[in-house]
Amino acid sequence: MENQYKNRIADRQLQDLLEAVGAVLIEGPKGCGKTTTAEHHAKSILYMDNPEKTRQYHQMVQTNIRYLLQGDNPRLIDEWQTAPELWDAIRFEVDHRNCEGLFMLTGSAVPADITKIRHSGAGRFGWLTMRPMSLWESGESTGDVSLEKMFSQNYQIPKFRKSFFFC
């Protein structure tokens with residue numbers, strides 16, 4: 001049975017960032033849906049941890065890094081942190097192509113060697129922090145209870161029936 005993609009709050013945030021900056025770094029805990037969400041928006045994908053090609057990709061980082069950045073945009077580079085040199089190459093591409101929505105970077109860890117990154121990415125990268133899917137996003141909640149509403153000044157807490165409590 002094929003899993004159907006479930007839209008997330010992060011989808012709108014990602015789309016807004018892609019319309020505003022050249023590259024988006026999607027951060028969050030392992031398994032929260034970073035890659036799946038980015039795949040949904042990507043026009044081309046580079047999986048740096050593809051076991052059949054990882055050695056080739058890492059050699060390309062050293063010899064012709066721009067080749068890895070070719071593809072339809074936005075281009076997803078998954079597990080980018082395995083080759084930290086990609087960061088500055090993407091920053092360079094963003095500067096010279098001078099348009100938005102070029103790249104999305106996802107990964108489950110920070111780069112092992114941050115000394116290979118020379119530029120902060122300021123003005124070129126946007127950051128999106130993802131969290132695990134909420135109950136509302138997964139369809140397991142109706143969203144009737146809202147923390148925002150609970151903390152607003154005029155919110156009335158509903159009275160629960162006595163049978164609701166286990167006494």
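How many helices and how many strands does the secondary structure of this chain come to? Seven helices and five strands. Both are DSSP runs, numbered from the N terminus: helices are H or I with at least four residues, strands are E with at least two.

A word on the model before we go on. This is a predicted model, where local features need pLDDT of at least 70, side-chain atom pairs count only at pLDDT 80 or more, and totals for chains, interfaces and linings use all residues. Residues are numbered from 1 along each chain as its sequence is written, and side-chain values use heavy atoms, with hydrogens and water left out.

Now the overall layout. Starting at the N terminus, the elements read α-β-α-β-α-α-β-α-β-β-α-α. The chain has 167 residues, and 38% of them are buried. Buried means under 20% relative accessible area, exposed means over 50%, and partly exposed is in between, with a 1.4 Å probe and protein chains only. The accessible surface is about 11,400 Å², and carbon and sulfur atoms hold 52% of that. That area comes from the Shrake-Rupley method with a 1.4 Å probe.

Next, contacts, meaning heavy atoms within 4.5 Å. Take the contacts with a separation of 6 or more: 77% of them join residues 24 or more positions apart.

Let's go to helix H5, residues 85-97. It has 13 residues and spans 18 Å from first C-alpha to last, close to the 18 Å expected at 1.5 Å a residue. The expected span is 1.5 Å times one less than the number of residues. Which residues of H5 are buried? They are Glu85, Leu86, Trp87, Asp88, Ala89, Ile90, Arg91, Glu93 and Val94. Their cover includes strands S1, S3, S4 and S5, along with helices H3 and H4.

What follows H5? Asn98, with a positive phi near 55°. Asn98 is not a glycine. It sits in the loop between H5 and S4. Asn98 is exposed, at 67% relative accessible area. Glu79 also has a positive phi, about 60°, and is not a glycine either. Glu79 lies in the loop between S3 and H5. Is Glu79 buried or exposed? Buried, at 14%.

On to the inside. The largest nonpolar core has 22 residues, and those with the most contacts inside it are Met48, Ile77, Leu86, Ile90, Phe103 and Leu105. Such a core is a set of buried Ala, Val, Leu, Ile, Met, Phe, Trp, Tyr and Cys residues joined through side-chain atoms within 4.5 Å. S1, H3, H4, H5 and S4 each give this core at least two residues. H5 gives the largest share, five residues. Apart from this core lies another, of 14 residues, among them Leu17, Ile26, Leu76 and Met130.

Leu86 is worth a look. Beyond its neighbours within four places in sequence, Leu86 touches Met48, Ile65, Leu69, Ile77 and Trp80.

Now the rings. Rings of Phe, Tyr and Trp (its six-membered ring) pair if their centres lie within 6.5 Å; planes under 30 degrees apart are stacked, over 60 edge-to-face, the rest tilted. The count is four aromatic pairs. One is Trp87 with Phe125: centres 3.8 Å apart, planes at 5°, so the pair is stacked. Trp87 is in helix H5 and Phe125 in strand S5, 38 residues apart. Trp87 is buried, at 5% relative accessibility. Phe125 is buried too, at 5%. Then comes Trp87 with Trp127: centres 6.1 Å apart, planes at 45°, so that pair is tilted. Those two are 40 residues apart, with Trp127 in strand S5. Trp127 is partly exposed, at 41%. Ring pairs join Trp80, Trp87, Phe125 and Trp127 into a cluster.

Setting aside residues up to four places away, Leu25 touches Trp80, Trp87, Leu105, Gly126, Trp127 and Leu128. Leu25 and Leu128 are 103 residues apart in sequence, yet 6.2 Å apart C-alpha to C-alpha. Leu25 is buried, at 7%.

Two last stops. Strand S2, residues 44-47, has a covered face, Ser44 and Leu46, and an uncovered one, Ile45 and Tyr47. S2 pairs with S3 in the parallel sense over four bridges; pairing takes at least two DSSP bridges. Tyr47 stands opposite Asp78 in S3. Finally, the peptide bond from Asn73 to Pro74 is cis, with omega near 5°. Pro74 is in the loop between H4 and S3.
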